[in-house]
Amino acid sequence: MTPALIHHLVDTTANIFGITPDQVRSASRERACVLARNIVADIAYNEYLFTFMAIGKELNRHYSTIIINLESFRHDCKAKPQLRYLRRQVFNNAQEYLQTAEGSYITDTLQLPTAE
C-alpha cells in the first residue's frame, strides 16, 4: 500500500465530516477533526496494515499519538455505535478507490485465451 491510500482516506473522511483535509491533518482538537483522524488511523492500521509511523507521517502526528488515537476510537465506538457506520462509509469508499486504481492493472495484464 502507498501513502496515496491514506491521502484518499483523509479526503473521504474530511468530506463525510464536512471539514477540509488540512483540518484533518491539523492540530485542531475540534471533535469532527479528532474523529476524522481516528477513523483514518483505524482503517489504515487495521484494514491496510500501515505502520504507526507511516500513518503518523501522513497525519502530521507522532507514532505514539496514533496508538492513543486507535484506543480512543475503540472506546468512542462503544459509546456511539453510529461511528462504526461512518467508518464503514470511509472503508467502502477506500475499497472502491483501490478497485478502480488496481482495476486498470488487472485488465491490462490479464490475457484471456481467445477462441480461434
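Q: What covers the buried residues of H4?
A: This is a predicted model. In it, the cover over the buried residues of H4 includes helix H1 (3–17), helix H2 (21–25), helix H3 (31–46) and helix H5 (63–79).

Q: Which residues of H4 are buried?
A: H4 spans residues 52–59, and Ile55, Gly56, Glu58 and Leu59 are buried there. Looking down the axis of H4, these buried residues fall within an arc of 165 degrees, so they line one face of the helix.

Q: And which ones are exposed on the other side of H4?
A: Met53 and Lys57 are exposed on that other side.

Q: Moving on to H5. How many residues does H5 have, and what is its reach?
A: H5 has 17 residues. From its first C-alpha to its last, H5 reaches 25 Å, close to the 24 Å expected at 1.5 Å a residue.

Q: Which residues are buried in H5?
A: Ile66, Asn69, Leu70, Phe73, Asp76 and Cys77 are buried in H5. Around the axis they cover an arc of only 130 degrees, which puts them on the same side of H5. On the other side of H5, the exposed residues are Ile68, Lys78 and Ala79.

Q: Change of topic: how many aromatic pairs does the structure hold?
A: The structure holds two aromatic pairs. In one of them, the ring centres of tyrosine 45 and phenylalanine 52 are 4.5 Å apart and the planes are at 15 degrees, so that pair is stacked.

Q: What about tyrosine 48 and phenylalanine 91?
A: Tyrosine 48 and phenylalanine 91 form an aromatic pair that is tilted, with 6.0 Å centre to centre and 35 degrees between the planes. Tyrosine 48 lies in the loop between H3 and H4, while phenylalanine 91 lies in helix H6 (residues 82–109), so the pair ties together parts that are 43 residues apart in sequence. Both tyrosine 48 and phenylalanine 91 are buried.

Q: Where is histidine 8?
A: Histidine 8 is in helix H1. Its relative accessibility is 18%, so histidine 8 counts as buried.

Q: Which residues does histidine 8 touch?
A: Leaving out residues up to four places away in sequence, histidine 8 touches Asn93, Ala94 and Tyr97. There is also a polar contact of 2.6 Å between the side chain of histidine 8 and that of asparagine 93.

Q: Now the whole chain: how many helices and strands?
A: The protein chain has six helices and zero strands, and its pattern along the sequence is α-α-α-α-α-α. Of its 116 residues, 38% count as buried.

Q: And what share of the contacts between residues at least 6 apart joins residues at least 24 apart?
A: That share is 62% for the protein chain.

Q: What is the mean pLDDT, and where does pLDDT stay under 50?
A: The mean pLDDT of the protein chain is 89, and 86% of its residues reach 70 or more.

Technical notes:
Residues are numbered from 1 along each chain as its sequence is written. This is a predicted model: local features need pLDDT of at least 70, side-chain atom pairs count only at pLDDT 80 or more; totals for chains, interfaces and linings use all residues. Side-chain values use heavy atoms; hydrogens and water are left out. Buried means under 20% relative accessible area, exposed over 50%, partly exposed in between (1.4 Å probe, protein chains only). Helices (H or I, at least four residues) and strands (E, at least two) are DSSP runs, numbered from the N terminus. The arc is that of the directions from the helix axis to the C-beta atoms. Contact means heavy atoms within 4.5 Å. pLDDT is the predictor's confidence in each residue, from 0 to 100. The expected span of a helix is 1.5 Å times one less than its number of residues. Rings of Phe, Tyr and Trp (its six-membered ring) pair if their centres lie within 6.5 Å; planes under 30 degrees apart count as stacked, over 60 as edge-to-face and the rest as tilted. A polar contact is a pair of N or O atoms within 3.5 Å; within protein, one must be able to donate a hydrogen and the other to accept it, and residues adjacent in sequence count only if both atoms are side-chain atoms.
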